[in-house]
Amino acid sequence: MIAIGGAIGTGLFVASGSSISTAGPGGALLAYAIVGLMVYFVMTSLGEMATFMPVAGSFEQYATRFVDPALGFALGWNYWYTWAVTLPAELAAGAMVMKYWFPNTPSIVWSALFLALLFVLNVVSVKGYGEGEYWFAGVKVITILVFLAVGLLMIFGILGGHPTGFHTFNTGGSPFHGGWLGLLSTVMVAGFAFQGTELVGLAAGESENPRETVPKAIRQVFWRILLFYVLAIFVMGMLIPYTDPNLLNASVDNIAISPFTLVFQRAGLAFAAAVMNAVILTAVLSAGNSALYASSRMLWALAREGKAPRVFARVGRRGVPMNALYVNTVIGFVAFLSSLVGNGAVYTWMLNAASLTGFLAWLGVAVSHYRFRKAYLAQGRDLNDLAYRAKAYPFGPILAAVLCGVVIIGQDISAFVGGHIDWAGVLATYIGIPLFLVLWFGYKLIKRTKVVPLHKVDFDVRA
């Protein structure tokens, strides 16, 4: 449920419509299938390492041990940063959702209340975070299942009076539109939509029995998320033509034209907008809950390794890294306030800097797993001793790394196709890459780290 909660949110409920509008229903399905394959191999790679070595802040640990401490430093701080700036984005989104019911209440009031709620969920214990995420994710899952059921009934004519057939799906004579650029840009959107699945690895260090629960989560969650996305997009494509302007214009502050709301309304459910508004509010709170958990755990892990101030390594009596939680809560609220100043330009650049971090984390997982398995065998260890073994090694992590690289490089490929290049836009898109490289090579130069030789890789789980 933590992985589902992290991966299913406004990307599915609101932004999925823009994917269909850009690439057509066929292109959207293909894009999500490509990204789904990449995420599958990332998840199996993460599963093998997380069951063998379950630690909070796992990405930083795996890159440090199996590749290079400098890579671990860069991945850790980048991953912390992306969730630290995601939190205020979700606070702002939550305030916009509340405008539906309370249009005259200042946004800062709702954002402060939501931040207080998320802080309480995280401060009580790790179980508080997990319990909150369970119920947030539960609401989303139920909504998607109802949407799929209603949509399929409409497709077959049980609801709405007549079957739709593939007429809408093939609007314009083909389910594919926008050419390769449309497909590539939709792959980018799909990549962002799937981000959050890796939270399973981050939470493994605090789960009760990771050798049993993590492989189970890895096996089940990926297919559920992929089916939720693929089936939901299929239903949308069958019922709403890709030319419908609502698909492109849907946003958090305009729930009335989200694809989910449109389908429910066409099924005769007059209260669809109010229900979807409530559902999207839970999705926003779920993402905020994950952001506060992930950022505090990564900062704690970095501090424990001596890569952040030691004060953040302290853990309270309930097992919660309180100092890390405090500072991330404050940073979240200060960043939210910066989004209210002027036209929010400072915060927009902060978000741009974080846009590639999720893909860099996935790339780091794939590279770490490739090195993990090579070192494991180089030291004469038996693969049968692994509680969970990733399938299709070495093809899986290599393919995942290549696809991640393509997605990272192709973020703004459309800017280079055609005439005038908007260099400011290109810089805003790719600024995360030089920041990552500065962290990586800066730490490498200062600490003089080297790639860890395979025979010296540390497999001590207790370290």
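The entries below take the helix pair and then the pocket.

I worked from a predicted model, in which local features need pLDDT of at least 70 and side-chain atom pairs count only at pLDDT 80 or more, while totals for chains, interfaces and linings use all residues. Residues are numbered from 1 along each chain as its sequence is written, and side-chain values use heavy atoms, with hydrogens and water left out.

Entry one, the helix pair. I looked up helix H16 (residues 357–378) and helix H17 (residues 395–409), and found that they pack at an angle of about 155°, with their axes 9 Å apart; helices here are DSSP runs of H or I, at least four residues, numbered from the N terminus, and axes are lines fitted to C-alpha atoms over the stretch in contact, with angles from 0 to 180 degrees between N-to-C directions. That angle makes H16 roughly antiparallel to H17, a label for angles over 145 degrees.

I then listed the contact (heavy atoms within 4.5 Å): residues of H16 including Phe 359, Trp 362 and Tyr 370 meet residues of H17 including Pro 397, Cys 404 and Ile 408.

Entry two, the pocket lining. I found that H5 (69–98) gives the most to the lining of the largest pocket, with eleven residues. The residues of that lining divide into 26 nonpolar, 18 polar and four charged.

Notes
Parallel < 35°, antiparallel > 145°, perpendicular 65-115°, else oblique. Nonpolar A, V, L, I, M, F, W, Y, C, P; charged D, E, K, R; others polar.
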